[in-house]
Amino acid sequence: MKKTITAIIITLLLLWIGYAFLPYIIIGKINNYDPYTFEKITGDSVMRADYGIGITSKPEDYGFKSEEINFQSLDGTLLNSWYVPAKRPSNHCIVLIHGRTSNRLKTMKYLALIDSLDLDTLYNVFIPDLRNSGKSQASKTYMGYKFGEDVAASLLMLNAACYQDTFLIYGFSMGAMAVLNGTGRPDLVSKYNGKTIYIEKIILDSPLVNVKETLRDQAKNVFMATMFFEDIFSIYSNQIHGFGENMSVSKLLNPTIPTLILQSKDDHTTKLDILNSELSKMKDFHNLEIVYFEGPDHVRIFQDAR
């Protein structure tokens with residue numbers, strides 16, 4: 001009998017410990033993921049196909065010249081990037097921002113689109129590896145919060161070192177949330193004060209538009225995560241200075257910046273219903289255009305043969 005009671009007590013104690021630490025374990029999985037390095041992609045034919053880059057691995061493979069630039073993010077994290085100059089002098093720059101578990105190799109293929117539209121005669125192109133990606137330093141990303149600081153650092157560096165003052169920023173998936181942070185988070189926007197930095201247009205492709213609701217949706221696939229979701233999100237929000245509830249397009253998008261959202265109706269990662277919920281809060285955003293696509297899954301709109 002005593003052994004049975006002892007076993008029950010030990011079991012209950014282990015369950016209590018599990019319940020106490022589960023939210024932190026899940027948060028760890030959200031904030032920590034293995035960096036997608038160049039070597040991880042270029043050495044794997046399946047990953048090359050997934051990235052849509054075939055045998056290409058640098059802007060020169062698309063007929064462009066490029067310069068590799070190292071710089072620091074706002075917190076000192078080391079970042080690496082490509083700067084692709086326009087065919088004639090320009091102070092306008094397209095900035096391509098990749099998403100989570102990705103790197104700049106995935107956005108590199110958009111150079112083909114830029115070339116086909118002759119945008120390379122008007123715009124320089126900047127393609128960074130954000131933190132924990134490609135050749136940049138490993139670091140926690142916090143679902144686009146710290147990515148946003150990398151975006152802000154990119155604009156400040158381009159303005160100071162490359163004399164760029166007008167930007168078209170194209171963000172993908174969690175990179176879209178990074179763009180929203182980099183152009184809408186008050187502490188980051190304040191860093192542009194006194195600088196000649198103008199956001200001409202924003203394009204958000206398959207965007208992460210609400211961190212809380214996206215995590216809530218994904219929690220359905222993780223054992224017991226739904227039960228502890230509010231605790232999990234509270235921990236995450238505390239780690240980003242209580243900003244969690246503001247990590248959404250309706251809270252961060254600057255209504256004065258012309259913005260285009262590209263959304264597949266069949267995206268299983270950044271879902272249409274979450275976007276529609278956000279749009280219902282943004283009826284007065286007159287500079288916002290939405291284009292919907294049938295068929296392609298997450299961040300596959302440009303790659304889709306249709």
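Predicted model: local features only at pLDDT ≥ 70, side-chain atom pairs only at ≥ 80, totals over all residues.
Me: Are cysteine 93 and cysteine 162 buried or exposed?
Reply: The cut-off to apply is that a residue under 20% relative accessible area counts as buried. Cysteine 93 has a relative accessible area of 0%, and cysteine 162 has a relative accessibility of 15%, so cysteine 93 and cysteine 162 are both classed as buried.

Me: Where does pLDDT stay under 50?
Reply: For the protein chain the mean pLDDT is 90, with 91% of the residues reaching 70 or more. Against that background there is a segment for which the model has zero contacts beyond four places in sequence, and in which pLDDT stays under 50, namely residues 8-17.

Me: What percentage of contacts between residues at least 6 apart in sequence join residues at least 24 apart?
Reply: Of the 306 residues, 52% count as buried, while the accessible surface of the chain comes to about 14500 Å², with 56% of it belonging to carbon and sulfur atoms. Among the contacts between residues at least 6 apart in sequence, the share that joins residues at least 24 apart is 76%.

Me: Why do the buried residues of helix 12 lie on the same side of that helix, and what arc do they cover?
Reply: Helix 12 comprises residues 272-279, and its buried residues are Ile274, Leu275, Glu278 and Leu279. They are on the same side of helix 12 because the arc they cover around the axis is only 140°. In an α-helix there are 3.6 residues a turn, so residues three or four places apart point the same way. What covers these buried residues includes helix 9 (211-219), helix 11 (249-252), strand 7 (259-264) and strand 8 (288-293), and the arc in question is 140°.

Me: Is histidine 241, which has a positive phi although it is not a glycine, buried or exposed?
Reply: Histidine 241 has a phi of about 60° and is placed in the loop between helix 10 (229-239) and helix 11. Threonine 101, also not a glycine, has a positive phi of about 45°, lies in the loop between strand 3 (92-97) and helix 4 (104-108), and counts as partly exposed at 31% relative accessibility. For histidine 241 the relative accessibility is 68%, and therefore this residue counts as exposed.

Me: Which residues does proline 128 touch, not counting those up to four places away in sequence?
Reply: Proline 128 is found in strand 4, residues 124-129, and is buried, with a relative accessible area of 1%. Its C-alpha atom is separated by 17 Å from that of threonine 42, which is 86 residues apart from proline 128 along the chain. The residues touched by proline 128 are Asn80, Ser81, Leu96, Ile97, His98, Arg104 and Ser154.

Conventions:
Residues numbered from 1 in each chain as written. Heavy atoms only, no water. pLDDT = per-residue confidence, 0-100. Contact = heavy atoms within 4.5 Å. Buried < 20%, exposed > 50% of the residue type's maximum accessible area, 1.4 Å probe, protein only. Helix = DSSP H or I, 4+ residues; strand = E, 2+ residues; numbered from the N terminus. Arc of directions from axis to C-beta. Areas by Shrake-Rupley, 256 points an atom, 1.4 Å probe, with all protein chains shown as cover.
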